[in-house]
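Q: Hi! Could you walk me through this structure in plain words?
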Amino acid sequence: MSIDLQTVKKIASLSRISVTDAEAEAMVPELNNILGWVEQLGEVDVTGVEPMTAVIPNHQRLRDDVITDGNVRDKVLANAPQAEHGFFAVPKVIE
Amino acid sequence: MTNLTDLTVAEIRDGFRAGDFSAREVAEGFNANVAAAKALNAFIVETPEKALAAADAADKAKATGETLGALAGVPIGMKDLFCTEGTQTTAASHMLEGFVPTYESTVSGKLWAAGAGMLGKLNLDQFAMGSSNETSYYGSVISPWRRNDGGNAALAPGGSSGGSSSAISARLCPAATGTDTGGSIRQPAAFTGISGIKPTYGRCSRFGIVAFASSLDQAGPMARTVRDNAILLETMSGFDPKDSTSLDLAVPQWEANLSSDLKGKKVGIPKEYRPDGLNAEISAMWDRGIEWLKDAGAEVVEVSLPHTQYALPTYYIIAPAEASSNLARYDGVRYGQRDLPDGAGLQDMYAATRAAGFGPEVKRRIMIGTYVLSAGFYDAYYTQAQKVRALIARDFELAFEKCDLLLTPTAPSASFALGEKQADPLAMYLNDVFTVPASLAGLPAMAIPGGLDAAGLPIGLQVIGKALDEQTVLNASLAIEERAGFTARPDKWW
């Protein structure tokens, strides 16, 4: 299947990346090239194969449900583009 | 007197302990080399004061008879993908320009605790996405190597750990950290005539490493000798409760157990790694490698990894899918750049921030990942890729019933000129054809230089081992190193 300009714009929107019309146009053949190439995976017989989620056998560790850190508000905010009154600040979300 | 910056990690460690030279002399030597090598663009940030501080601490500890750390007196380079407390960490992106972590990555913290000093933060492909170091926001890294044709074409140091590979081969540091998601330690090592090992997935903690594709990302060392890699890997490895995929296993004594005697070992040669049209010099180097391992006592058998051809397309679904999730955190709110157009709302701010903060290759991969994870396409792309990944891992399991390790080329060619492959993303992706399969299976794999091609550029070999068997990988690499006698180094032009 191949993707068109509308699809590229939709993917960009889902990715939260703004693109100009010219950028989106340029991406159509680029993304089609890559997606066309990965589509060869469709020819592999995967009957009865479980999808792999972990490469090296490991167990899910659990720890005691206790507080292990905290009181680092200023460190957490140290790199924020805009921090006010101990919070991350963003443009108005609700009118 | 010996030039201290020509020494290996082991020689620096031992010479410092023996009192042949001070740690400060070593740090000053490397600081001078770093300062004089701006033309290579290997460092994003230089930290000579940190290298000196660690050296002075080592000299003082030695003078007062304190116990010395495993890397006391050894300065190293740190790939700028590892968060370093108080020192800018960018992942070579505009997005994280000015980001100064308030915490230390586990791997870098272990290295400093062992006495190593930091020479600086090394350039890389943006968010570790690339095979030539051309996607860095801070400019391409230049390889110190040049073709012997008299031209001065700037060559790629490989990627994504291209600052590391360039700096080590130019003697700006004796060793450095790298990270490897699909070949980002091994391919740059091969391009610059050095060695580097990606350990088994889970050996090195991922805590504090800027995430690319979490099921594949592994840290590892890069250096000029196998012994140096063993020394660094011992310090970098170990269980970390802060990484849910960290392996809770003791760290083996890889250096003490180094042995190039391969009697009783079987080396598998995967026939699928020799496709029609494989570069003749790469093919000949592989044949030489086979003879070297036979000479070291190993028996050679042919094996088959039938799903090899599907490894790259599998990788280019799984890695972008994971990247699209991991990079969702760059939203202009908590850290990094923010682009807020006049009158823009929150959603517009996200989209504008990410458009301005990410480079073209990063955007491309985020969008591919978003597409293959989107409703209606998830099963056809992502689930199918996870299933093929299981088959690729099974290929290795079956092969390892017949052999103890595999020998293959590392990269399909020697280094290429900057700009040569940038126009076609697919051509660039093919660089990782020999390194990606071991990444998908989480296996330890090492790149080791073998010789120079007709153009005077390094080409090398890759050793792949069973999960957790880094020792055999290191030992076979040592056998190659001893027989290859690779002493070539780039002529200084920078």
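**A walk through chain B**

A: Happy to! B:Phe127 sits in the loop between β3 and α5 of chain B; helices (H or I, at least four residues) and strands (E, at least two) are DSSP runs, numbered from the N terminus. The model is a predicted one, where local features need pLDDT of at least 70 and side-chain atom pairs count only at pLDDT 80 or more, while totals for chains, interfaces and linings use all residues. Residues are numbered from 1 along each chain as its sequence is written, and chains are lettered from A and ligands numbered from 1 in the order in which they are written.

Q: Okay, is B:Phe127 buried or exposed?
A: B:Phe127 counts as buried, because it has 31 C-beta neighbours inside 10 Å. The rule is that a residue is buried if 20 or more other C-beta atoms lie within 10 Å of its own, exposed if 12 or fewer, and partly exposed in between, with C-beta atoms placed from the backbone.

Q: And what is its phi?
A: B:Phe127 has a positive phi of about 55°, although it is not a glycine. B:Ala128 also has a positive phi, of about 65°, and is not a glycine. Most residues other than glycine have a negative phi.

Q: Where does B:Ala128 sit?
A: B:Ala128 is in the loop between β3 and α5 of chain B. B:Ala128 is buried, with 30 other C-beta atoms within 10 Å.

Q: New topic: which residues does UniProt mark as "active site"?
A: The unreviewed UniProt entry puts that feature at B:Lys79, B:Ser160 and B:Ser184. They are spread over 106 residues of sequence, yet cluster in space, with a largest C-alpha distance of 11.3 Å. UniProt positions are given in the numbering used here, feature names are shortened, and annotations may be inferred rather than shown by experiment.

Q: What does B:Ser160 touch?
A: Leaving aside neighbours within four places in sequence, the contacts of B:Ser160 include B:Ala128 and B:Ser184. Two residues are in contact if their C-beta atoms, placed from the backbone, lie within 7 Å. B:Ser160 is buried, with 35 other C-beta atoms within 10 Å. The peptide bond from B:Gly159 to B:Ser160 is cis, with omega near 10°.

Q: How about B:Ser184, where is that?
A: B:Ser184 lies in the loop between β4 (175–180) and α6 (186–192) of chain B. B:Ser184 is buried too, with 36 C-beta neighbours inside 10 Å.

Q: Zooming out, how many helices and strands does chain B have?
A: Chain B has 15 helices and 11 strands. Buried residues make up 61% of its 494 residues. The C-alpha atoms of chain B fill a box of roughly 65 × 55 × 50 Å, taken along the principal axes.

Q: Which residues of α2(B) are buried?
A: They are B:Ala23, B:Val26, B:Ala27, B:Phe30, B:Asn31, B:Asn33 and B:Val34. Seen down the axis of α2(B), they fall within an arc of 160°, so they line one face of the helix. That arc is of the directions from the helix axis to the C-beta atoms.
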